Amino acid sequence: IFNLESRIEKREDGKEVVTGHASVYNSRSENLGGFYEYIQEGVFTDELIKKSDVRALINHDPNLVLARSKNGTGTLKLTPDTKGLAFEYEMPDLSYAKDLGVNLRNGNITQSSFAFVVKDDEWSTDDDGNDIRTITGIEQLYDISSVVYPAYSQAESDLIVAQRGLTIYKEQKENQRQENDLVKRSLLKLKIELKKR
């Protein structure tokens, strides 16, 4: 869930083009059910784009297709850059596309999101005690969307996998805490024994 700008521009030839970033690196998501997510720099690559079939949608609705990038070619241009995953497409001559154009121009819709499958991730805790999931690899991209309320539009099963990962991470943290506590108590007991002797 990112606050990313999605905008419409008019070219010299009169065609309207929608541009923006579907995701940016090292930016914290909204709370995703007990944890926050970051996208590690460099996960978006030309190889990822070439192996994905990506649609530009409105609000992640598969009935509202605006453009498509199949294996890196098509009406949707996806570009990995230093900021994240940039996109660009010409506004098609469709009724819902015209509605989106009006909403973009009026500033009613200004945000973007994307749907993807996680390949690799890492868990940590920040200084405020928040659980953090860092996406270090993406297996597949599904769509980029201009959205009213930006959110990662992951399949429910992907969210369940993330929740399981969070549970495992918390269990590991608790086990480490208990192990550290046991070591401290053992050292204290040994200290006491040495002082007695």
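Colleague: What relative accessible area does Asp121 have?
Modeller: Residues are numbered from 1 along each chain as its sequence is written, and side-chain values use heavy atoms, with hydrogens and water left out. On the scale used here, buried means under 20% relative accessible area, exposed over 50%, and partly exposed in between (1.4 Å probe, protein chains only). Asp121 counts as partly exposed, its relative accessible area being 30%.

Colleague: With which residue does the side chain of Asp121 meet in a salt bridge at 2.7 Å?
Modeller: A salt bridge requires a side-chain nitrogen of Lys or Arg within 4 Å of a carboxyl oxygen of Asp or Glu. Here the N to O separation is 2.7 Å, and the partner of Asp121 is Arg133. The pair links distant parts of the chain, with Asp121 in strand 9 (residues 111-125) and, 12 residues apart, Arg133 in strand 10 (residues 131-147).

Colleague: Which residue is linked with Asp121 and Arg133 in a network of salt bridges?
Modeller: Side chains of opposite charge can pair when their charged atoms come close. The salt-bridge network that holds Asp121 and Arg133 also includes Glu37.

Colleague: How many residues apart in sequence are the parts tied together by Glu90 and Lys15?
Modeller: The side chains of Glu90 and Lys15 form a salt bridge with an N to O distance of 3.8 Å. Glu90 belongs to strand 8 (residues 84-90) and Lys15 to the loop between strand 1 (6-10) and strand 2 (16-24), so the pair ties together parts whose separation in sequence, in residues, is 75.

Colleague: Are Glu90 and Lys15 buried or partly exposed?
Modeller: The relative accessible area of Glu90 is 37%, which places Glu90 among the partly exposed residues. Lys15, at 41%, also counts as partly exposed.

Colleague: How many helices and strands does the protein chain have?
Modeller: The elements are DSSP runs numbered from the N terminus: helices are H or I of at least four residues, and strands are E of at least two. From the N terminus on, their order is β-β-β-α-β-β-β-β-β-α-β-β-α. The chain has 3 helices and 10 strands.

Colleague: Which residue of strand 5 is the bridge partner of Asp53?
Modeller: Two strands pair if DSSP finds at least two bridges between them. In strand 5, the bridge partner of Asp53 is Lys70.

Colleague: Which turn residue has a positive phi in the hairpin of strand 5 and strand 6?
Modeller: Strand 5 and strand 6 (residues 73-74) run antiparallel and are joined by 2 bridges, and Ser69 stands opposite Gly74 in strand 6. In the hairpin of strand 4 and strand 5, which has 2 residues between the strands, Asn59 takes a positive phi near 55 degrees. The hairpin of strand 5 and strand 6 has 2 residues between the strands, and the turn residue with a positive phi of about 55 degrees is Asn71.

Colleague: Where in the protein chain is confidence lowest?
Modeller: The chain averages a pLDDT of 82, and 85% of the residues score at least 70. Over residues 152-162 the pLDDT is below 50, although this stretch has 24 contacts (heavy atoms within 4.5 Å) beyond near neighbours in sequence. Where pLDDT is low, the predicted coordinates should not be read in detail. Strand 6 has the highest mean, at 96, and the lowest, at 68, is that of helix 3 (residues 156-196).

Colleague: How far apart in space are Asn31 and Asp131?
Modeller: Asn31 lies in the loop between strand 2 and strand 3 (36-39). Asn31 is partly exposed, at a relative accessible area of 41%. Asn31 and Asp131 are 100 residues apart in sequence, and their C-alpha to C-alpha distance is 9.8 Å.

Notes
Predicted model: local features only at pLDDT ≥ 70, side-chain atom pairs only at ≥ 80, totals over all residues. pLDDT = per-residue confidence, 0-100.
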